[in-house]
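Thanks for making the time this morning.

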Amino acid sequence: MTTSEIARTYARVLFDLASAADAVDDADSGLAAIVESVRGHIDLRNALSDTQVPAEKKRDMLRDIFGEDVTPEVFAIVTLAVDRGHTELLGDIASEFGQIAEKERGIVVAQVTTAVPLDDAVRASVTSKLSAALGRPVTLREHVDESLVGGIVINVAGRVLDGSVASQLDAMRATLSTTPQGGEA
């Protein structure tokens, strides 16, 4: 089994457990908090990855740090992954979990690329307009690409909506290069 298949399996099990407990949102935020903590604290990451540290000690560390802050389902999956030596997959598990949750809930993911980060007002406007147009809830995956100069590129449901300044300049350049030059009278 590949590492992505392993991560997907953990994520699927977590989603099924969280769904049964009606705690998908809490599981998502709890898993994200654990991933952020493990990524941000090298000593914690090293301790959880160290094969010399007994599994019970790792579980105790996780319980002491996250015990009451995460759902039992998240705690169970994270400790299982750590016990089996898959600490490095926690970020992948969180990513897979988010994708499974979005798909199961019928949420459409829109890849949004802009020249500068979106502010809250623009983010809310784009989300609401896409949701209305598609008739389903939409989640944005935001990327910044300064080469766009300005505007926005949205990739959603297999379609690309390109409203970037760069593409408009390219279209203008193409039009001008094929237009016959005047000057004859």
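The largest nonpolar core in this predicted model has 31 residues, and the ones with the most contacts inside it are Leu31, Ile34, Val74, Val78, Leu90, Ile93 and Phe97. Six helices each supply at least two residues of this core, namely α1 (3–20), α2 (24–40), α3 (42–49), α4 (55–66), α5 (72–83) and α6 (90–104). The helix that gives the most is α1, with seven residues. As a general point, nonpolar side chains in soluble globular proteins tend to be buried together.

Now to a residue in a strand. Thr114 is found in β1, which covers residues 108–114. Is Thr114 buried or exposed? Its relative accessibility is 6%, and because the cut-off for buried is under 20%, Thr114 counts as buried. Leaving out residues up to four places away in sequence, Thr114 touches His143, Val144, Asp145, Leu148, Gly151 and Ile152.

Stepping back to the whole chain, the secondary structure comes to eight helices and four strands, and from the N terminus on the order of elements is α-α-α-α-α-α-β-α-β-β-β-α. Of the contacts with a separation of 6 or more, 66% are accounted for by residues 24 or more positions apart.

As for the overall dimensions, the C-alpha trace spans about 90 × 35 × 35 Å along its principal axes. The radius of gyration is 23 Å, whereas a compact globule of 185 residues would have one near 16 Å. Of the 185 residues in the chain, 35% count as buried.

Finally, the surface and the charges. The protein chain exposes about 11200 Å², and carbon and sulfur atoms supply 53% of that area. There are 17 positive and 29 negative side chains, and the centres of these two sets lie 4 Å apart.

That is where I will stop, and I am happy to go back to any of these residues on the screen.

Key. Residues are numbered from 1 along each chain as its sequence is written. This is a predicted model: local features need pLDDT of at least 70, side-chain atom pairs count only at pLDDT 80 or more; totals for chains, interfaces and linings use all residues. Side-chain values use heavy atoms; hydrogens and water are left out. The radius of gyration is taken over C-alpha atoms; the globule rule is 2.2 Å times the number of residues to the power 0.38. Buried means under 20% relative accessible area, exposed over 50%, partly exposed in between (1.4 Å probe, protein chains only). Contact means heavy atoms within 4.5 Å. Accessible areas come from the Shrake-Rupley method with a 1.4 Å probe; for residues, only the protein chains shown count as cover. Lys and Arg count as positive and Asp and Glu as negative; His and the chain ends are not counted. The place of a charge is taken as NZ of Lys, CZ of Arg, CG of Asp or CD of Glu. A nonpolar core is a set of buried Ala, Val, Leu, Ile, Met, Phe, Trp, Tyr and Cys residues joined through side-chain atoms within 4.5 Å.
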